[in-house]
Amino acid sequence: MAADLSLYRNIGIFAHVDAGKTTTTERILKLTGKIHKLGETHDGESTTDFMEQEAERGITIQSAATTCHWDGHQMNIIDTPGHVDFTIEVYRSLKVLDGGVGVFCASGGVEPQSETNWRYANDSEVARIIFINKLDRLGADFYRVVKQIEDVLGANPLVMVLPIGVEDSLKGVVDLLTRKAWVWDESGDPTAYTIEDVPADMVDQVEEWREKLIETAVEQDDDLMEKYLEGEEPSIEDLKRCIRKGTIALDFFPTYTGSAFKNKGVQLVLDAVVDYLPCPTDVPPQPEVDMEGNETGEFAIVDASKPVRALAFKIMDDRFGALTFVRIYSGTINKGDTLVNTFTGKTERIGRMVMMHADQREEIDSCQAGDIVAFVGLKNVQTGHTLADVKNPATLEPMVFPDPVISIAISPKDKGGSEKMGIALSKMVAEDPSFYVETDEDSGETILKGMGELHLDIKIDILKRTHGVDVTVGKPQVAYRETITQRIEDSYTHKKQSGGSGQFGKIDYIVEPGEPGSGFEFESKVTGGNVPREFWPAVQKGFNSMMDTGVLAGFPLLDVKITLMDGAFHAVDSSAVAFEIAAKSAYRQSIPKAGPQLIEPIMKVDVFTPEDHVGDVIGDLNRRRGMILGQEAGPTGVRIKAECPLSEMFGYIGDLRTMTSGRGQFSMEFSHYLPCPSNIAEEVIKEVKEREANK
């Protein structure tokens, strides 16, 4: 029996740190759980006890997907973290969502992180509704945040409710469509509300905003628009249909407000999820790719009778073993089925599957297109892998994870800890694809690589807290790279004649700087068969295999183009191996002559500071070799956008807090590589040489 997919909503809740995402999620679970299990007494608790969450590994709030029910609809809610070092989490959650709720703080407004997450959601074309939370807080201002959403995010918020009162006097909200006021009492019980007429002092304001709402909505339907211009008001049903259409098309974002903490206004958000966010079949289907990663032109149509396609999007270890969270795009999976992991080519038998319900889990026997479930105890599945029908395999477009920009060396504090540390790290790598672990062969050190200082700080904290491994941490290292600045033409002949069959390969080639971001490019312009075509891949392989170790300090070489122009071969002594060796030696011969240069990662930095500290912050960024790109004043302070070398940003949060008496905030993400100033390049090269010597 195929479920009715129009009753499914797969949604994520995104927010900046501190906008109240956890509380909002918790309130949604309370409200929906309460309806799910009737007769449960509401416990009036308004704060979640954190230690208890820790003890339970945070199944309710931090679990990757929770299923709950509202108004006859099934909602799968996926939690996403707010911090920018973890945008990877947001990014991979977006892959499997159909819609989202963006939570903003009514006093903090649109923060730097919300901007990154919003941009990701735009890239992934995820429809959203907006919830402006914490309207009970000091300094809260609904209308200001609506304006910020327009100005900072360039988005079009469609205001659906107006707040009644603000800060301490927040009583409820007016629903603009129905012209009814929802008023909550002070008991903190989310169900203790009455529906009343609009307060007399708000009537004009409600009419003004309602008119804006209708004008925007009817743009989705020409007939309704004509009638409206002729003075005929559309019915609420027609308006809802238009709002749904425009929300799914990303033309606007229905906007709500309230206070999750005080249990005011959350029901209307749930109703909006049902009314306006897309169901699995409203969203364009995922493209399928073949084993080489080329699009096949086929799509994973959301349909329970099609071949199975499921994407693993998060792996979590909890007391029940390894859980692999999966979004099923098409087909039906039954307990005991065998599927193929198209990344490894190995098959996986699906033993147990569970659905997370508000705060407990339910064992299930089958799941199908549109569902989000967790499989228990899969062996070799990682984030981004596709599980598919064995007889009819295809891969869903894989997730792309950025390269790490920072690394640190760690070692266990006590001798016996290294095995324990190894096991813990392998679990952590499975959970987070943007976190890498390597062993330095010469020194035996363990190197952690990640997206930023905070990312690695948190990993070390998890090692300590969750896995009980205490480690000594080295100095953070920047992921420098090398490139070349000059074009040179060169030639190299490899020949070895000493008994038995000889080796011979001659290549004439051009080495030149490639386009920024191009990595390594190879092209052959050989004509006339001086280097037979079957040896071209060997030449390419020879050069490519050397790109990992630059000639200045051994950092990988980027943005180089090599063109094979001509050469010579020997009918007997030439082989692929001979040409590969020729290319490797040619690299060593020519790259040092091509003006090698050290390049460093430049980060996009977004700093928020109170107005009176702007001068200090800009002066400090300049000292860090930063380039100020712009600043904009907001109601609570100034946002400075800059680009800064990563090597200068270590420990920045501490310095920023000192400069701004604790009120500054910042976020940064990798932007691009730029040449290192020569004095800094010399230092880095010297340091690398010293480290080598000490080994």
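Reader: Why does Asp197 count as exposed?

Author: Asp197 has a relative accessibility of 57%. Exposed means over 50% relative accessible area, buried means under 20%, and partly exposed is in between (1.4 Å probe, protein chains only). The value of 57% is therefore on the exposed side. This is a predicted model, in which local features need pLDDT of at least 70, side-chain atom pairs count only at pLDDT 80 or more, and totals for chains, interfaces and linings use all residues. Residues are numbered from 1 along each chain as its sequence is written, and side-chain values use heavy atoms, with hydrogens and water left out.

Reader: What makes Lys180 and Asp197 a salt bridge?

Author: A salt bridge is a side-chain nitrogen of Lys or Arg within 4 Å of a carboxyl oxygen of Asp or Glu. For Lys180 and Asp197 the closest N and O atoms are 3.2 Å apart, so the pair meets the rule. The pair links distant parts of the chain, with Lys180 in strand β9 (residues 180-184) and Asp197 in strand β10 (residues 193-197), 17 residues apart. Strands (E, at least two residues) and helices (H or I, at least four) are DSSP runs, numbered from the N terminus. Lys180 counts as partly exposed because its relative accessibility is 32%.

Reader: How many salt bridges does this rule give?

Author: The count comes to 26 salt bridges. One of them joins the side chains of Asp98 and Arg327, at 3.0 Å from N to O. Asp98 lies in the loop between α4 (87-96) and β4 (99-105) and Arg327 in strand β15 (residues 321-330), so this pair ties together parts that are 229 residues apart in sequence. Both Asp98 and Arg327 are buried.

Reader: Where do Asp151 and Lys147 lie?

Author: Both are in helix α6 (residues 142-151), four residues apart, which is about one turn of the helix. Asp151 is exposed because its relative accessible area is 51%, whereas Lys147, at 46%, counts as partly exposed.

Reader: Why is Thr609 called buried?

Author: Thr609 has a relative accessible area of 0%, so the label buried applies. This residue belongs to strand β35 (residues 596-609). Leaving aside neighbours within four places in sequence, Thr609 is in contact (heavy atoms within 4.5 Å) with Val614, Val617, Gly637, Val638, Ile640 and Thr660.

Reader: What phi does Asp71 have?

Author: Asp71 has a positive phi of about 55°, although it is not a glycine. Most residues other than glycine have a negative phi. The place of Asp71 is in the loop between β2 (65-70) and β3 (73-79), and at 54% relative accessibility Asp71 counts as exposed. Arg625 also has a positive phi, of about 60°, and is not a glycine. Arg625 lies in the loop between α15 (614-623) and β36 (627-633) and counts as partly exposed because its relative accessibility is 25%.

Reader: Which label does Asp251 get, buried or partly exposed?

Author: Asp251 is partly exposed, because its relative accessible area is 39%. Its place is in the loop between α9 (236-248) and β11 (253-257).
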